[in-house]
Amino acid sequence: MAMMELTADRRKYTGKEINRKRRAEGKIPGVIYGKGLETRSIEFQRRPLEKFLDTARRGTVVVKMTVQDGAEGKETFAVLKETQAHPLTGRITHVDFYEVALGRKFRVEVPLRIKGKAPGIEMGGVLDVVTRSLEVECTPDHVPEFLELDVTALGIGDSLHLADVRFPEGVVPTEKDLRMTLAAVHTPKAEAAPAAVEELAAEGAEGASVAEPGAKEEKPEKESKKKE
């Protein structure tokens, strides 16, 4: 499990204009909330937050966060739940964190990471990854950064299911159907089109061969009329 540290300041004032001004000063607004807990408005220094987000994109990260409220600082643990970004620049404009308690189980989405190369791909197949993450239940100290999905045994027509995933100790999937398909290797759909074209061409050729004798038989009849 990856764990990073972040420091946030309690926001006393909220609103679009204030947040816009604070962003111009290098601050990023956010909130932190949790089950049965107070939702608190907070803000971060842009650079440390962007560094954290760069790491968080690679997997699930538990944050040891210190929320500073004046002279007092309260330490808590949280996971990133959502980010908002500017539609043109792509820069982060807001972040949501979910507060968790060490030793208490909670649900979290963990990314699936594909391992290896499926032999079916070299045979002309296409790897179809049905889902990119799985929801699991565990305590904060057992949150995996990612879960591996080994595709090195997949040929064309083969698939991997939830039962094929190895979960670390203390980590349980919330989905109970172990037959749920996660990835499969299919025959490319594009190959079906040429086959259909060849079949139609063959049918057309057969139809032409039947019509040709009739067409040839008409010529002598026209020639006989000219002679008359």
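Colleague: Before we start, which cut-offs make a residue buried, exposed or partly exposed?

Modeller: Buried means under 20% relative accessible area, exposed means over 50%, and partly exposed is in between, with a 1.4 Å probe and protein chains only. Keep in mind that this is a predicted model, where local features need pLDDT of at least 70, side-chain atom pairs count only at pLDDT 80 or more, and totals for chains, interfaces and linings use all residues. Residues are numbered from 1 along each chain as its sequence is written, and side-chain values use heavy atoms, leaving out hydrogens and water.

Colleague: Okay, is Arg-107 buried, exposed or partly exposed?

Modeller: The relative accessible area of Arg-107 is 48%. That falls between the limits of 20% and 50%, so Arg-107 is partly exposed.

Colleague: Which residue does Arg-107 form a salt bridge with?

Modeller: A salt bridge here is a side-chain nitrogen of Lys or Arg within 4 Å of a carboxyl oxygen of Asp or Glu. For Arg-107 the closest N and O atoms are 3.9 Å apart, and the partner is Glu-137. Arg-107 sits in strand S7 (residues 106-115) and its partner in strand S9 (residues 133-138), 30 residues apart; strands are DSSP runs of E, at least two residues, and helices are runs of H or I, at least four, numbered from the N terminus.

Colleague: How many salt bridges does the structure hold?

Modeller: Side chains of opposite charge can pair when their charged atoms come close. Arg-10, Glu-38 and Asp-69 even form a network of salt bridges. The structure's count is 14.

Colleague: Last one: what share of the 228 residues is buried?

Modeller: The protein has four helices and 13 strands. Of its 228 residues, the buried share is 31%.
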